[in-house]
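This briefing sets out selected features of one protein model for use in computational work. Please read it alongside the sequence and coordinates.

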Amino acid sequence: MRIHAIELHRIGMPLVRPFETSFGVQTSREVLLVHVRTDVGDGWGECVAGVDPFYSSEYVSAVEDVIRSYLAPALLAGQRGGAADVAPLLRFVVGHRMAKAALEAAILDAQLRADGVSFGSHFGATRDRVDCGVSVGISPDIPTLLDEVRTYVDQGYKRVKLKIKPGWDLEPVAAVRDLLGAGGLLQVDANTAYTLDDVSHLRELDAFDLLLIEQPFVEEDIGAHAVLARAIETPVCLDESIVSTSVAVDAIEQGATSIVNIKAGRVGGYLEAVRMHGACLTRSIPVWCGGMLETGIGRAANVALAALPGFTLPGDTSASDRYFAEDLTDPFVLEDGTLTVPTGPGTGVTVRTELVRHWALREPLVLSAG
């Protein structure tokens, strides 16, 4: 496969409700889409970076710049190859995993569409439907939080994840635990908002029988998470810390995590995510698929990834209407708490290019081999 052109589409999609974490509040999702044109057909990928460098050092404008200045020229000048060649070819650029992942996803989509193979089949999916959880942002008050959670429970979501931060943790968790009852699947996500000084406070979460606490400390401090894991009963799960398979294995061996959140964009692409899944599976470490408010393009790939055998916990693969009134693809619809794994070639979804144009924040940037 030879790449003829790489198009970068920058769009803005309104969210159906504000989404707040310890990093801030989002009312819309600014997305960078990658559209590759090759001699075997086209493919689409989605970058999960946010508009600001709050969750990650990567952000949309920086991703656009590194693709334009470094990554796209290397791919356009490269010899014939496929998605498996993307990571080695782009290794000369340090980091920028989200940018690389978006390019790899688009190239993989084009490659598999040409081959008539779905993402799920290529990854090794073993299920045709995946269990879905929902991520609930920080609310202005407890009654508002409970109203939102009740809505998701009524819709059939199989697990609730609460965003927490200092000052918004024990009380909302206790209220949602009472709402869900003893058997309801509940976990919390701190998005690096705590420090080792908070260990005693975080130990109080043990009373609520949580599935896990996700990424309480800064991403660079694997050792602090190991200390916390020894001090509390609630399983510790790492998210932002896990940027590669080797880091995941190291964190597991240090005892810093007993569950891993796999986000393809954060680790550099779906092929690395599949490798990470395999490493965790051989070590009997459960994994689940995290979400980054993806459109249907990224959601389709995430659902395919979540159908692998090691994904034993419901992920953040919510239905389209959790975030968007309209999606860039046919909507993903929740049925009995699950989403269907696409079976069509590539991601298995068709991009609604009229909406890409309608929500465009500027004209697409076209990078070509010529």
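The points below are grouped by topic.

The model is predicted, so local features need pLDDT of at least 70, side-chain atom pairs count only at pLDDT 80 or more, and totals for chains, interfaces and linings use all residues. Residues are numbered from 1 along each chain as its sequence is written, and side-chain values use heavy atoms, with hydrogens and water left out.

**Parallel sheet**

- Seven strands form an open sheet with parallel pairing, in the order β5-β6-β7-β8-β9-β10-β11. Helices (H or I, at least four residues) and strands (E, at least two) are DSSP runs, numbered from the N terminus, and two strands pair if DSSP finds at least two bridges between them.
- The edge strands of this sheet are β5 (133–136) and β11 (287–289), each of which pairs on one side only.
- Within the sheet, strand β8 (residues 213–214) and strand β9 (residues 236–238) are joined in the parallel sense by two bridges. E214 has C237 in β9 as its bridge partner.

**Antiparallel hairpin**

- Strands of a sheet pair through backbone hydrogen bonds, in either the parallel or the antiparallel sense.
- Strand β2 (residues 24–38) pairs with β3 in the antiparallel sense over seven bridges, and the two form a hairpin with two residues between them.
- V36 has G43 in β3 as its bridge partner.
- Strand β3 (residues 41–47) is largely enclosed by the rest of the structure, because five of its seven residues are buried. Buried means under 20% relative accessible area, exposed over 50%, and partly exposed in between (1.4 Å probe, protein chains only).

**Helix packing**

- The axes of helix α5 (residues 142–155) and helix α6 (residues 170–180) come within 10 Å and cross at roughly 40°. Axes are lines fitted to C-alpha atoms, for helices over the stretch in contact, and angles run from 0 to 180 degrees between N-to-C directions.
- From α5, the contact is made by I142, L145, L146, V149, R150 and V153, and from α6 by E171, P172, A175, V176, L179 and L180. Contact means heavy atoms within 4.5 Å.
- By class, this contact of α5 with α6 has ten nonpolar residues, two charged residues and no polar residues. Ala, Val, Leu, Ile, Met, Phe, Trp, Tyr, Cys and Pro count as nonpolar, Asp, Glu, Lys and Arg as charged, and the others, Gly among them, as polar.
- In helix α8 (residues 222–231), the residues I222, A224, H225, A226 and L228 are buried. The buried residues of α8 pack against α7 (199–203), β9 and α9 (245–253).

**Cysteines**

- A search of the whole structure finds zero disulfides, a disulfide being a pair of cysteine sulfur atoms within 2.5 Å.
- The sulfur of C132 is too far for a bond, because the closest cysteine sulfur, in C289, is 9.9 Å away. C132 is buried, at a relative accessible area of 0%.
- The sulfur of C237 is likewise too far for a bond, because the closest cysteine sulfur, in C280, is 9.8 Å away. C237 counts as buried at 0% relative accessibility.

**Individual buried residues**

- I3 belongs to strand β1 (residues 3–21) and is buried, with a relative accessible area of 9%. Not counting residues up to four places away in sequence, I3 touches R37, T38, L75, L76, I107 and A369.
- The C-alpha atoms of I3 and Q79 are separated by 9.3 Å, and the two residues are 76 residues apart along the chain.
- S320 lies in the loop between α12 (296–306) and β12 (338–340) and is buried, with a relative accessible area of 2%. Leaving aside neighbours within four places in sequence, S320 is in contact with R299, D327, P331 and F332.

**Backbone geometry in loops**

- Most residues other than glycine have a negative phi, and most peptide bonds are trans.
- N191, although not a glycine, has a positive phi of about 45°. N191 lies in the loop between β7 (186–189) and α7 and counts as buried at 3% relative accessibility.
- D209, although not a glycine, has a positive phi of about 50°. D209 is found in the loop between α7 and β8 and counts as exposed at 55% relative accessibility.
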